[in-house]
Amino acid sequence: MTSTRSRKLCLAQQPDADEMLSRDPFALLVGMLLDQQIPMERAFAGPVAIAQRMIGPFDPSTVAQYDPDAFVEVVAGPPAVHRFPTAMAARIQTLAKHLDEQYSGNASGLWSDVKSGDDLLARLSALPGFGAQKAKIFVALLGKQLKVRPRGWREASEPYGEDGAFKSVADVIDVASLVKVRQFKQEQQLVRQRVVARPLRKTRNG
(Lines give C-alpha, C1' and ligand atoms only; values in the text may rest on other atoms or scores of the structure.)
Protein backbone atom coordinates (compact mmCIF):
# COMPACT_ATOMS: atom_id res chain seq x y z
CA MET A 1 0.00 0.00 0.00
CA THR A 2 1.05 3.60 -0.52
CA SER A 3 0.05 6.86 1.10
CA THR A 4 -1.80 9.65 -0.67
CA ARG A 5 1.55 11.38 -1.17
CA SER A 6 2.22 9.15 -4.19
CA ARG A 7 0.54 11.45 -6.74
CA LYS A 8 -0.54 15.04 -7.17
CA LEU A 9 -4.31 15.06 -7.46
CA CYS A 10 -6.25 17.52 -9.63
CA LEU A 11 -9.77 17.07 -8.30
CA ALA A 12 -10.54 20.59 -7.11
CA GLN A 13 -8.67 22.27 -9.99
CA GLN A 14 -7.20 24.65 -7.39
CA PRO A 15 -3.51 24.39 -6.39
CA ASP A 16 -3.93 24.82 -2.63
CA ALA A 17 -6.95 22.52 -2.44
CA ASP A 18 -5.38 19.82 -4.60
CA GLU A 19 -2.14 19.98 -2.63
CA MET A 20 -4.07 19.28 0.54
CA LEU A 21 -6.03 16.44 -1.04
CA SER A 22 -2.78 14.88 -2.25
CA ARG A 23 -1.16 14.76 1.19
CA ASP A 24 -4.10 14.46 3.60
CA PRO A 25 -6.27 11.30 3.51
CA PHE A 26 -8.85 12.88 5.82
CA ALA A 27 -9.25 15.83 3.45
CA LEU A 28 -9.73 13.42 0.56
CA LEU A 29 -12.46 11.55 2.43
CA VAL A 30 -14.22 14.78 3.38
CA GLY A 31 -14.09 15.94 -0.25
CA MET A 32 -15.68 12.67 -1.31
CA LEU A 33 -18.36 13.08 1.35
CA LEU A 34 -19.16 16.58 0.07
CA ASP A 35 -19.38 15.38 -3.54
CA GLN A 36 -23.12 15.36 -3.98
CA GLN A 37 -25.56 17.93 -5.33
CA ILE A 38 -22.76 20.38 -6.07
CA PRO A 39 -20.03 20.47 -8.76
CA MET A 40 -17.27 17.98 -8.08
CA GLU A 41 -14.47 20.54 -8.04
CA ARG A 42 -16.36 22.66 -5.50
CA ALA A 43 -16.80 19.63 -3.25
CA PHE A 44 -13.11 18.78 -3.27
CA ALA A 45 -12.18 22.41 -2.62
CA GLY A 46 -14.23 22.20 0.58
CA PRO A 47 -11.61 20.65 2.90
CA VAL A 48 -9.03 23.40 2.42
CA ALA A 49 -11.69 26.07 2.99
CA ILE A 50 -12.76 24.36 6.22
CA ALA A 51 -9.15 23.98 7.37
CA GLN A 52 -8.46 27.68 6.77
CA ARG A 53 -11.51 28.74 8.80
CA MET A 54 -11.15 26.35 11.73
CA ILE A 55 -9.46 27.06 15.03
CA GLY A 56 -6.97 24.24 15.42
CA PRO A 57 -5.74 21.53 13.04
CA PHE A 58 -7.92 19.88 10.43
CA ASP A 59 -7.84 16.30 11.64
CA PRO A 60 -10.49 13.75 12.69
CA SER A 61 -10.01 14.25 16.42
CA THR A 62 -10.24 18.05 16.31
CA VAL A 63 -13.20 18.06 13.91
CA ALA A 64 -15.01 15.41 15.96
CA GLN A 65 -14.69 17.49 19.13
CA TYR A 66 -15.43 20.85 17.54
CA ASP A 67 -18.46 22.70 18.88
CA PRO A 68 -21.28 21.71 16.48
CA ASP A 69 -22.71 25.23 16.15
CA ALA A 70 -19.26 26.70 15.54
CA PHE A 71 -18.54 24.02 12.96
CA VAL A 72 -21.75 24.85 11.11
CA GLU A 73 -20.49 28.43 10.89
CA VAL A 74 -17.17 27.17 9.50
CA VAL A 75 -18.93 25.19 6.77
CA ALA A 76 -21.49 27.93 6.08
CA GLY A 77 -18.84 30.56 5.39
CA PRO A 78 -19.44 32.73 3.44
CA PRO A 79 -18.96 31.35 0.97
CA ALA A 80 -20.66 28.13 1.94
CA VAL A 81 -18.71 24.94 1.36
CA HIS A 82 -21.90 23.14 0.35
CA ARG A 83 -25.44 24.12 -0.58
CA PHE A 84 -26.64 22.38 2.61
CA PRO A 85 -24.05 23.55 5.15
CA THR A 86 -25.88 22.54 8.32
CA ALA A 87 -26.50 18.97 7.19
CA MET A 88 -23.01 18.59 5.75
CA ALA A 89 -21.34 19.99 8.87
CA ALA A 90 -23.06 17.28 10.89
CA ARG A 91 -22.05 14.59 8.39
CA ILE A 92 -18.42 15.69 8.41
CA GLN A 93 -18.31 15.58 12.20
CA THR A 94 -19.95 12.14 12.24
CA LEU A 95 -17.36 10.90 9.75
CA ALA A 96 -14.58 12.41 11.85
CA LYS A 97 -15.88 10.69 14.99
CA HIS A 98 -15.96 7.35 13.19
CA LEU A 99 -12.36 7.75 12.03
CA ASP A 100 -11.28 8.90 15.49
CA GLU A 101 -12.91 5.95 17.23
CA GLN A 102 -12.28 3.17 14.71
CA TYR A 103 -8.90 4.20 13.28
CA SER A 104 -7.41 6.34 16.08
CA GLY A 105 -7.77 9.41 13.90
CA ASN A 106 -5.60 7.96 11.13
CA ALA A 107 -7.72 8.19 7.99
CA SER A 108 -5.24 6.23 5.88
CA GLY A 109 -5.74 3.34 8.30
CA LEU A 110 -8.82 2.58 6.22
CA TRP A 111 -6.64 1.16 3.45
CA SER A 112 -3.10 0.78 4.79
CA ASP A 113 -3.53 -2.87 5.81
CA VAL A 114 -6.42 -4.16 3.70
CA LYS A 115 -5.91 -7.55 2.02
CA SER A 116 -8.54 -7.36 -0.71
CA GLY A 117 -10.73 -5.01 -2.67
CA ASP A 118 -13.80 -6.43 -0.96
CA ASP A 119 -12.33 -5.62 2.45
CA LEU A 120 -11.58 -2.06 1.35
CA LEU A 121 -15.07 -1.64 -0.07
CA ALA A 122 -16.59 -2.94 3.17
CA ARG A 123 -14.59 -0.46 5.26
CA LEU A 124 -15.57 2.45 3.04
CA SER A 125 -19.21 1.37 2.92
CA ALA A 126 -19.24 1.44 6.73
CA LEU A 127 -18.26 5.12 6.78
CA PRO A 128 -21.06 7.54 7.73
CA GLY A 129 -22.28 9.30 4.61
CA PHE A 130 -20.75 6.78 2.20
CA GLY A 131 -23.30 4.75 0.28
CA ALA A 132 -22.48 1.84 -2.00
CA GLN A 133 -21.79 3.98 -5.07
CA LYS A 134 -19.62 6.50 -3.23
CA ALA A 135 -17.61 3.68 -1.65
CA LYS A 136 -17.00 2.05 -5.03
CA ILE A 137 -15.90 5.32 -6.57
CA PHE A 138 -13.45 5.88 -3.73
CA VAL A 139 -11.99 2.38 -4.18
CA ALA A 140 -11.48 3.27 -7.85
CA LEU A 141 -9.92 6.62 -6.94
CA LEU A 142 -7.47 4.97 -4.57
CA GLY A 143 -6.56 2.33 -7.12
CA LYS A 144 -6.28 4.47 -10.22
CA GLN A 145 -4.62 7.56 -8.83
CA LEU A 146 -2.98 6.65 -5.52
CA LYS A 147 -1.86 3.09 -6.29
CA VAL A 148 -3.74 1.59 -3.37
CA ARG A 149 -4.44 -1.68 -5.13
CA PRO A 150 -5.33 -4.64 -2.93
CA ARG A 151 -6.22 -7.87 -4.68
CA GLY A 152 -9.50 -7.51 -6.59
CA TRP A 153 -9.79 -3.76 -6.28
CA ARG A 154 -11.05 -3.29 -9.85
CA GLU A 155 -13.77 -5.89 -9.39
CA ALA A 156 -14.79 -4.35 -6.06
CA SER A 157 -15.09 -0.92 -7.64
CA GLU A 158 -17.08 -1.94 -10.74
CA PRO A 159 -18.00 -0.18 -12.94
CA TYR A 160 -15.75 2.69 -11.82
CA GLY A 161 -12.50 0.72 -11.80
CA GLU A 162 -12.62 0.13 -15.52
CA ASP A 163 -9.38 1.19 -17.19
CA GLY A 164 -9.69 4.07 -19.65
CA ALA A 165 -13.18 5.07 -18.51
CA PHE A 166 -14.35 8.57 -17.65
CA LYS A 167 -17.19 7.80 -15.26
CA SER A 168 -16.32 9.43 -11.94
CA VAL A 169 -13.92 11.53 -9.91
CA ALA A 170 -11.58 8.52 -10.01
CA ASP A 171 -10.87 9.39 -13.65
CA VAL A 172 -10.25 13.13 -13.25
CA ILE A 173 -6.58 13.99 -13.71
CA ASP A 174 -6.89 17.35 -15.52
CA VAL A 175 -9.41 19.76 -17.03
CA ALA A 176 -9.99 17.62 -20.14
CA SER A 177 -10.83 14.50 -18.13
CA LEU A 178 -13.11 16.54 -15.86
CA VAL A 179 -15.07 17.63 -18.96
CA LYS A 180 -15.36 14.00 -20.11
CA VAL A 181 -16.60 12.84 -16.71
CA ARG A 182 -19.13 15.66 -16.61
CA GLN A 183 -20.39 14.71 -20.08
CA PHE A 184 -20.76 11.09 -18.99
CA LYS A 185 -22.79 12.11 -15.94
CA GLN A 186 -25.03 14.33 -18.05
CA GLU A 187 -25.65 11.47 -20.47
CA GLN A 188 -26.51 9.15 -17.59
CA GLN A 189 -28.92 11.71 -16.21
CA LEU A 190 -30.68 11.95 -19.57
CA VAL A 191 -31.00 8.15 -19.69
CA ARG A 192 -32.56 8.10 -16.22
CA GLN A 193 -34.99 10.84 -17.18
CA ARG A 194 -36.11 8.88 -20.26
CA VAL A 195 -36.63 5.73 -18.19
CA VAL A 196 -38.80 7.64 -15.73
CA ALA A 197 -40.77 9.35 -18.52
CA ARG A 198 -41.77 6.13 -20.32
CA PRO A 199 -44.13 4.70 -17.69
CA LEU A 200 -45.63 8.15 -17.20
CA ARG A 201 -46.59 8.28 -20.87
CA LYS A 202 -48.14 4.84 -20.69
CA THR A 203 -50.22 5.85 -17.69
CA ARG A 204 -51.49 8.98 -19.43
CA ASN A 205 -52.31 7.12 -22.64
CA GLY A 206 -53.91 4.27 -20.76
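Q: Where is Gln-186 found, and why is Gln-186 called partly exposed?
A: In this predicted model, Gln-186 belongs to helix 10. Its relative accessibility is 49%. Partly exposed covers the values between the buried limit, under 20%, and the exposed limit, over 50%, so Gln-186 at 49% counts as partly exposed.

Q: How far apart are the C-alpha atoms of Gln-186 and Asp-171?
A: The two residues are 15 places apart along the chain, and their C-alpha atoms are separated by 16 Å.

Q: Why is Val-172 called buried?
A: Its relative accessible area is 0%. Buried means under 20%, and therefore Val-172 is classed as buried. Val-172 lies in the loop between helix 9 and helix 10 (175-205).

Q: Which residues is Val-172 in contact with, leaving aside its neighbours within four places in sequence?
A: The contacts of Val-172 are Cys-10, Leu-11, Gln-13, Met-40, Gln-145, Ser-177, Leu-178 and Val-181. Each of these has heavy atoms within 4.5 Å of Val-172.

Q: What makes Gln-37 exposed, and where is its place?
A: Gln-37 has 52% relative accessibility. Exposed means over 50%, so Gln-37 qualifies as exposed. Its place is in the loop between helix 2 and helix 3 (40-53). Gln-37 is not a glycine, yet its phi is positive, near 65°.

Q: Why is Ser-104 called exposed?
A: The relative accessible area of Ser-104 is 68%, and the cut-off for exposed is over 50%; Ser-104 is therefore exposed. Ser-104 is located in the loop between helix 6 and helix 7. Although Ser-104 is not a glycine, its phi is positive, at about 55°.

Q: What places the buried residues of helix 7 on the same side?
A: The buried residues of helix 7 (residues 117-125) are Gly-117, Leu-120, Leu-121 and Leu-124. They cover an arc of only 100° around the axis, which means that they lie on the same side of helix 7. As a general rule, an α-helix has 3.6 residues a turn, so residues three or four places apart point the same way.

Q: Which helices do the buried residues of helix 7 pack against?
A: They pack against helix 2 (25-34), helix 8 (132-145) and helix 9 (153-156).

Q: Which residues does the cis peptide bond with omega of about -10° join?
A: That bond joins Pro-78 and Pro-79. Pro-79 lies in the loop between helix 5 (68-76) and helix 6 (85-102). The peptide bond from Glu-158 to Pro-159 is also cis, and its omega is near 5°. Pro-159 has its place in the loop between helix 9 and helix 10.

Q: How many helices and strands are there in the protein?
A: The protein has 10 helices and 0 strands.

Q: How do you know that the radius of gyration agrees with that of a compact globule?
A: For 206 residues, the value for a compact globule would be near 17 Å. The protein has 18 Å, so the radius agrees with that of such a globule. Along the principal axes, the C-alpha atoms fill a box of roughly 60 × 40 × 30 Å.

Q: What percentage of the residues in the protein is buried?
A: Buried residues make up 46% of the 206 residues. The protein exposes about 10400 Å², and carbon and sulfur atoms supply 51% of that area.

Terms used:
Residues numbered from 1 in each chain as written. Predicted model: local features only at pLDDT ≥ 70, side-chain atom pairs only at ≥ 80, totals over all residues. Heavy atoms only, no water. Buried < 20%, exposed > 50% of the residue type's maximum accessible area, 1.4 Å probe, protein only. Helix = DSSP H or I, 4+ residues; strand = E, 2+ residues; numbered from the N terminus. Arc of directions from axis to C-beta. Rg over C-alpha atoms; globule rule 2.2 N^0.38 Å. Areas by Shrake-Rupley, 256 points an atom, 1.4 Å probe, with all protein chains shown as cover.
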